[in-house]
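Hello,

Here is the structure we talked about handing over. Please have it open while you read; my notes follow below it.

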Amino acid sequence: MESLRPQRLQPGIGFGAASTGTLRSSLRPGVTVPTAPPQPPPACVSMSVSASSGPPPPPPPLQLHSLGMGGLGAAAGLGSGGGGAIGLCGPGNPAVLREAVEAVVRSFAKHTQGYGRVNVVEALQEFWQMKQSRGADLRNGALVVYEMVPSNNPPYVCYVSLPGGSCFGSFQFCPTKAEARRSAAKIALMNSVFNEHPSRRITDDFIEKSVSEALASFNGNREEADNPSTGIGAFRFMLESNKGKSMLEFQELMTVFQLLHWNGSLKAMRERQCSRQEVLAHYSHRALDDDMRTQMAADWVNREQSVAGTIARELAATERELEEARLAGRELRFYKEKKDILMLAVGQLGNANAATLPSGC
């Protein structure tokens, strides 16, 4: 029976792919399935704090929807379009978001560097270096990475990736590239600071409350929560496996499952009778890397070759989601990875077309 496992775990791509392969190749993503629509941003939380206030205000309580688990009933009961935002504000009230960000930055400056103007880019880098020096497990180091969106005219947009993989973006109208960089650093610093709050940790109490919320949302019963073969049981299994981790750490893991759900891989593996626990156990220890991105991009190339315009439609929808999430100050890695994978697919498609041209062209 063990020899059948690679075949059952193989997602396949549904375009004439063979149903056999090695364990490495059998776990590759594939097969498109409609993804659950992105959740609307949580309600705004007012955080008016004066420049002379004390420590940063505590973040709002960590909720089930903050973990991007709104689509629990979809596919394998994992992942949705929702992001892992801290739930401060939606795009409908950007003033509240700006107020909250500035309050945290001022408070951070007061308690780390004294009064005066703070260089948020330097402060964000120093924050993560401080975490590393205190024993934080940062596998890829403490470097904060910025990425400017190519543009010759304002507004300029900048993304920042934190050492663990979480991504945030400039959330204001930025007339200069430097301002876009500062805007991205501000929202990332606020989330980094809040992520240290005890309420952002996955505890036994949080797990029980989250499972109860999931049961109520999907009209489930307690037996489902104790059965790892159900969606809610798989959710509980994931939470218990990540006990003690912070919200951002858990969201970094959830991004992998969100992408697998978006790409149809979870559905495909379930159709091959692969248990949720097998999928969770494998992908919980697999980082999102270039190999996985390339495999997903290849699947989108196959879909495009089957139905012309597939990539263009998905890319347009993804860009809208990314823009809305960025302006709302939400965590962006899921949306950003989707866009990068689709752009990679466009490149692969171009290379494939070029390879079929006559040598004289």
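A residue counts as partly exposed if its relative accessible area lies between the buried class, under 20%, and the exposed class, over 50%. Aspartate 340 has a relative accessible area of 34%, so it is partly exposed. Its place is in helix H14, residues 333-355. Aspartate 340 and arginine 293 are 47 residues apart in sequence, yet their C-alpha atoms are 8.3 Å apart in space.

Please keep in mind that this is a predicted model.

**Overall**

The protein has 361 residues, and 50% of them count as buried. Its secondary structure comes to 14 helices and three strands. Take the contacts with a separation of 6 or more: 66% of them are between residues 24 or more positions apart.

**Helix H13**

H13 runs over residues 310-327, which makes 18 residues. From first C-alpha to last it reaches 26 Å, close to the 26 Å expected at 1.5 Å a residue. Which residues of H13 are buried? They are Thr310, Ile311, Leu315, Thr318, Glu321, Leu322, Ala325 and Arg326. Viewed down the axis of H13, these buried residues fall within an arc of 130 degrees, so they line one face of the helix. An α-helix has 3.6 residues a turn, so residues three or four places apart point the same way. The face of H13 turned away from the buried side carries exposed residues: Ala312, Arg313, Arg320 and Glu324. After H13 comes glycine 329, with a positive phi near 75 degrees.

**Aromatic pairs**

The count comes to four aromatic pairs. One of them joins phenylalanine 127 and tryptophan 128. That pair is edge-to-face, with 5.8 Å centre to centre and 75 degrees between the planes. Both phenylalanine 127 and tryptophan 128 are buried.

Another pair is tryptophan 262 with tryptophan 300. This one is stacked, at 5.2 Å centre to centre and 25 degrees between the planes. It links distant parts of the chain. Tryptophan 262 is in helix H9 (residues 247-262) and tryptophan 300 is in helix H12 (residues 290-306), 38 residues apart. Tryptophan 262 and tryptophan 300 are both buried.

**Charges over rings**

Arginine 303 lies over the face of tryptophan 300, 4.5 Å from the ring centre. Elsewhere, the charged end of lysine 336 sits over the ring of tyrosine 159, at 5.4 Å from its centre.

**Two buried arginines**

Arginine 236 lies in helix H8, residues 231-241. Is arginine 236 buried or exposed? Its relative accessible area is 12%, so arginine 236 is buried. Leaving aside neighbours within four places in sequence, arginine 236 is in contact with Ile207, Glu208, Val211, Arg222, Ala225 and Asp226.

Arginine 286 is found in a loop, between helix H11 (276-283) and H12. Its relative accessibility is 17%, so arginine 286 counts as buried too. What does the side chain of arginine 286 make a polar contact with? The partner is the side chain of aspartate 291, at 3.4 Å.

Best wishes

Key. Residues are numbered from 1 along each chain as its sequence is written. This is a predicted model: local features need pLDDT of at least 70, side-chain atom pairs count only at pLDDT 80 or more; totals for chains, interfaces and linings use all residues. Side-chain values use heavy atoms; hydrogens and water are left out. Helices (H or I, at least four residues) and strands (E, at least two) are DSSP runs, numbered from the N terminus. Buried means under 20% relative accessible area, exposed over 50%, partly exposed in between (1.4 Å probe, protein chains only). Contact means heavy atoms within 4.5 Å. Rings of Phe, Tyr and Trp (its six-membered ring) pair if their centres lie within 6.5 Å; planes under 30 degrees apart count as stacked, over 60 as edge-to-face and the rest as tilted. A charge sits over a ring if NZ of Lys or CZ of Arg is within 6 Å of the ring centre and within 35 degrees of the ring normal. The expected span of a helix is 1.5 Å times one less than its number of residues. The arc is that of the directions from the helix axis to the C-beta atoms. A polar contact is a pair of N or O atoms within 3.5 Å; within protein, one must be able to donate a hydrogen and the other to accept it, and residues adjacent in sequence count only if both atoms are side-chain atoms.
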